Amino acid sequence: MTDKPTGQGGPPEPRKASEGILPDEAGSLAHGLGVPPETFHPDDEPRDNDTIGERIVYFLGWLGALVRKQVWFLLIMLGTMWGVLRESVRGNSWRRTVRYEFQLTLSDVAGKGLLSTLVMGSLTGVGVVSQAIYWLGFAGMAKMTGSVLVSVIVRELAPILVGILMLGRSGMLSLAEVGMLATGGQIRSMQAEGLDPFLLLVLPRTLAFTVAGFTLGIMFSIASLTTGYIISRASGALSNSLFSFYYDVVTAMTPADYLLIPLKFVVVGFLVGLGCCVSGLTASNEDSLRTMLPRGFSRGILIVMTVSVLFSLKV
């Protein structure tokens, strides 16, 4: 469609948004990552004189738009996941600014979150580990202590609690920072200057969450088991040494546990960081912290629980 002149020699009249396919608001494109798709042509509703073929085409279009709207975030997550994995092994992706962002995020997530992880692990040891040791001994099943602690604490509970801790403490901070950059137009300014927001923001933060997930997961497991042993030893439920206690726990692990448990920590951290960055980067101009944070937190909880369930099915 050509622009219509407003008069003799006057400037062309801009085309209205309703005359094209794309919206006129730049922010509604979510800065290149797309927005939840709606019906592409809401005015093309079926009419009484439409043929059967036209009605079928309309129904298929409506059904496709509905399905795509439901799986929109999942599709973006899959695409950005592949992008992070691909760019992380390329040497020219790790420029000085990217390395600095990675170090800064890792220091915030793993360094500043270590104390919170140790405290949560200690509370878990008091409330869960010590109780499990006591009741297993009371029931005459003390030999199953190692396998129960591995199955319940290290394999299931630790990844969930560490994922929620990273999500609430550092994930929401990253979501707010990236989201405010997106809604404020700074992301488009970076793109206009030739800078890639994906390499500068998403890649280093996601990989920092990945490393922090493994680190905090191991520290959480050690803190919870050690605290549970101390409480049980003080109450008389255990009489063996700390070395013997850890030996029972380690020997209760199967060869698959040595691979799946660290992998579970890594995947939880990876997807929590990626989900928070993507949720912030896809924010539109109409979003604010009141809408971004609850949406990002619910997505993060869903990610953590989904990873836990999928890994549990593999075990």
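**Ground rules.** I number residues from 1 along each chain as its sequence is written, and I leave hydrogens and water out, since side-chain values use heavy atoms. In this predicted model, local features need pLDDT of at least 70 and side-chain atom pairs count only at pLDDT 80 or more, whereas totals for chains, interfaces and linings use all residues.

**Confidence.** I looked up pLDDT, the predictor's confidence in each residue from 0 to 100, and found a mean of 83 for the protein chain, with 84% of its residues reaching 70 or more. Over residues 1-32 the pLDDT is below 50, and I noted that this stretch has 34 contacts in the model beyond near neighbours in sequence, a contact being heavy atoms within 4.5 Å.

**Salt bridges.** I counted a salt bridge where a side-chain nitrogen of Lys or Arg lies within 4 Å of a carboxyl oxygen of Asp or Glu, and the structure holds seven of them. One joins the side chains of E101 and R205, at 2.9 Å from N to O. E101 lies in helix α3 (residues 96-111) and R205 in helix α7 (residues 197-235), so this pair ties together parts that are 104 residues apart in sequence. Helices here are DSSP runs (H or I, at least four residues), numbered from the N terminus.

For R155 and D257, I again found a salt bridge, with the closest N and O atoms 2.9 Å apart. The pair links distant parts of the chain, R155 being in helix α5 (residues 145-184) and D257 in helix α9 (residues 257-281), 102 residues apart.

R205 also forms a salt bridge with E177, with 2.9 Å between the closest N and O atoms, and this pair links helix α7 to helix α5 across 28 residues. I also noted a network of salt bridges that links R86, E87 and R90.

**Burial.** I took buried as under 20% relative accessible area, exposed as over 50% and partly exposed as in between (1.4 Å probe, protein chains only). R205 counts as buried because its relative accessibility is 7%, and E101 is buried as well. Both R155 and D257 are buried, while E177, at 36%, is partly exposed.

**Surface patch.** I found a nonpolar patch on the surface whose members are I52, I56, Y58, F59, L60, W62, L63, L66 and V67, with about 850 Å² of accessible area together. Patch residues have over 30% relative accessible area and no salt bridge, with nonpolar side chains (Val, Leu, Ile, Met, Phe, Trp, Tyr) joined within 5 Å and like charges within 9 Å; areas come from the Shrake-Rupley method with a 1.4 Å probe. I52 lies in helix α1 (residues 52-70) and is exposed, at 65% relative accessible area.

Technical notes: Helices (H or I, at least four residues) and strands (E, at least two) are DSSP runs, numbered from the N terminus.
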